[in-house]
Amino acid sequence: MAAPWVLFCSLCVLRVVLATVYFQEEFLDGERWRNRWVQSTNDSQFGHFRLSSGKFYGHKEKDKGLQTTQNGRFYAISARFKPFSNKGKTLVVQYTVKHEQKMDCGGGYVKIFPSDVDQKNLSGKSQYYVMFGPDICGFDIKKVHVILHFKNQYHSNKKPIRCKVDGFTHLYTLILRPDLTYEVKIDGQVIESGSIEYDWNLTSLKKMEKSSAESKDWEQEEEDKLQDWEKHFLDASASKPSDWNSELDGDWQAPMLQKPPYQDGLKPEGIDKDVWLHQKMKNTHYLTEYDLSEFENIGAIGLELWQVRSGTIFDNFLITDDEEYAENFGKATWGETKDPEREMDAIQAKEEVRKAREEDEEDLLMGRFDGRENNFRRFHKRDEL
């Protein structure tokens with residue numbers, strides 16, 4: 001009976017080994033996070049972060065993350081990692097965000113930057129590859145941003161993706177696959193998916209290159225058709241002259257009995273495409289070599305956002321190429337503390353209700369006592385008169 005279990009464990013270990021984890025941050029080593037994360041000094045008015053698990057949590061240490069601390073501020077902070085390219089690979093970006101203050105207006109998203117980003121001068125003008133996560137402001141904006149950088153422009157997903165608006169911790173996951181499909185998950189559940197081409201109104205260069213290759217095949221096919229067509233107009237009875245020198249004169253071809261009718265702007269039957277179309281497709285290679293969701297030099301993750309009311313906590317950052325690893329990591333972090341977090345919040349809420357009730361009763365009793373004392377004073381004063 002032990003053999004299957006050993007095999008299962010071995011497969012799990014193999015899966016972890018095969019996964020590439022580019023960045024992972026759980027803030028489990030206390031204040032040493034400051035050695036890995038760089039606060040931007042681009043603006044002296046930028047808000048500051050602290051390490052906190054908040055007023056309620058599932059686990060005091062495991063739920064500690066970067067918390068915004070000042071109202072009405074911009075925030076800019078980032079962490080660097082070894083640069084990599086996701087070309088031909090799946091890219092998974094995942095993290096948890098908790099709007100403990102019941103966000104009224106502010107961002108809860110992350111940005112993925114190229115490795116040459118200037119961390120000390122990080123700001124809203126810093127170029128990024130991917131922007132992903134919730135954004136809330138008033139009654140109108142309660143959305144999940146998914147913005148991709150392509151051909152020197154930022155492109156937003158055209159589908160409205162609603163974010164969570166309560167005060168609990170939620171797990172956000174973005175998956176970009178090399179086959180140009182994607183998924184957006186919240187708390188492990190897929191809430192949106194589809195085609196990067198269609199949902200961002202973009203055109204894949206891979207598809208264009210494929211079309212160009214198909215055009216080359218078509219060109220060869222049509223060239224063969226032309227040669228076959230021309231054979232109908234050759235003098236089949238003609239023979240190569242005895243003094244014909246192939247090295248000097250080239251390959252000998254029989255003379256034509258008459259001019260092919262497809263010349264002078266015409267084309268033979270069976271050729272149903274125009275040559276200009278192929279020439280147009282041949283010129284697509286001048287475009288950038290990267291595709292819609294492929295980024296050559298990923299090297300940093302950061303928080304660059306605005307908040308009216310502070311208190312948001314960011315935790316459990318992960319960038320990997322393995323969807324299953326991300327799922328398991330989410331279960332081992334957010335999955336283990338989400339229920340205890342809600343239980344603690346419920347206990348605190350009941351305690352607040354109890355205290356409020358006791359205060360109301362105390363105020364009521366004090367009001368009655370004050371009323372009796374006032375009546376005694378009025379009665380005593382009347383006797384004196």
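**A chat about contacts, strands and rings**

Mentor: The side chains of Glu-304 and Lys-111 are joined by a polar contact of 2.6 Å. A polar contact is a pair of N or O atoms within 3.5 Å; within protein, one must be able to donate a hydrogen and the other to accept it, and residues adjacent in sequence count only if both atoms are side-chain atoms.

Trainee: Before we go on, what kind of model is this?
Mentor: This is a predicted model: local features need pLDDT of at least 70, side-chain atom pairs count only at pLDDT 80 or more, and totals for chains, interfaces and linings use all residues. Residues are numbered from 1 along each chain as its sequence is written, and side-chain values use heavy atoms, with hydrogens and water left out.

Trainee: Thanks. Where is Glu-304 found?
Mentor: Glu-304 is in strand β15, residues 298-307. Strands (E, at least two residues) and helices (H or I, at least four) are DSSP runs, numbered from the N terminus.

Trainee: And is Glu-304 buried or exposed?
Mentor: Glu-304 counts as buried, because its relative accessibility is 10%. Buried means under 20% relative accessible area, exposed over 50%, and partly exposed in between, using a 1.4 Å probe and protein chains only.

Trainee: Which residues does UniProt list for "binding site"?
Mentor: The unreviewed UniProt entry lists Tyr-109, Lys-111, Tyr-128, Asp-135 and Glu-304 under that label. UniProt positions are given in the numbering used here, feature names are shortened, and annotations may be inferred rather than shown by experiment.

Trainee: What is Glu-304 in contact with?
Mentor: Leaving aside neighbours within four places in sequence, Glu-304 touches Tyr-75, Ala-76, Tyr-109, Lys-111, Ser-123 and Gly-124. Contact means heavy atoms within 4.5 Å.

Trainee: Tell me about Tyr-109, then. Where does it lie?
Mentor: Tyr-109 sits in the loop between β7 (105-107) and β8 (110-114). With a relative accessible area of 11%, Tyr-109 is buried. Beyond four places in sequence, its contacts include Asp-135, Glu-304 and Phe-314.

Trainee: New topic: Trp-200. Where is that one found?
Mentor: Look in the loop between α2 (196-199) and α3 (205-230). Trp-200 is buried, at a relative accessible area of 3%.

Trainee: Which backbone oxygen does its side chain reach?
Mentor: The side chain of Trp-200 reaches the backbone oxygen of His-155 at 3.2 Å. The backbone oxygen of Val-146 also lies 3.2 Å from a polar atom of the Trp-200 side chain. Leaving aside neighbours within four places in sequence, Trp-200 has several contacts, among them Leu-148, Tyr-182 and Ser-195.

Trainee: What about strand β14?
Mentor: Strand β13 (residues 181-186) is joined to β14 by six bridges, and the two run antiparallel. Two strands pair if DSSP finds at least two bridges between them. Thr-181 has Ser-195 as its bridge partner in β14. The hairpin of β13 and β14 has two residues between the strands, and there Asp-187 takes a positive phi near 55°.

Trainee: What does the side chain of Glu-192 make a polar contact with?
Mentor: Its partner is the side chain of Lys-159, at 3.1 Å. Glu-192 is found in β14 (residues 189-195) and is buried, with a relative accessible area of 18%.

Trainee: Switching to rings: how many aromatic pairs are there in the whole structure?
Mentor: A search finds 17 aromatic pairs. Rings of Phe, Tyr and Trp (its six-membered ring) pair if their centres lie within 6.5 Å; planes under 30 degrees apart count as stacked, over 60 as edge-to-face and the rest as tilted. One of them is the edge-to-face pair of Phe-23 and Trp-37, 6.1 Å centre to centre with 75° between the planes. Phe-23 lies in strand β1 (residues 21-25) and Trp-37 in strand β2 (residues 37-39), so the pair ties together parts that are 14 residues apart in sequence.

Trainee: And Tyr-128 and Tyr-154, what pair do they form?
Mentor: Those two are stacked, 4.3 Å centre to centre with 20° between the planes. Tyr-128 lies in the loop between β8 and β9 (130-137) and Tyr-154 in strand β11 (residues 153-156), so this pair ties together parts 26 residues apart in sequence. Tyr-128 counts as buried at 7% relative accessibility, whereas Tyr-154 is partly exposed at 39%.
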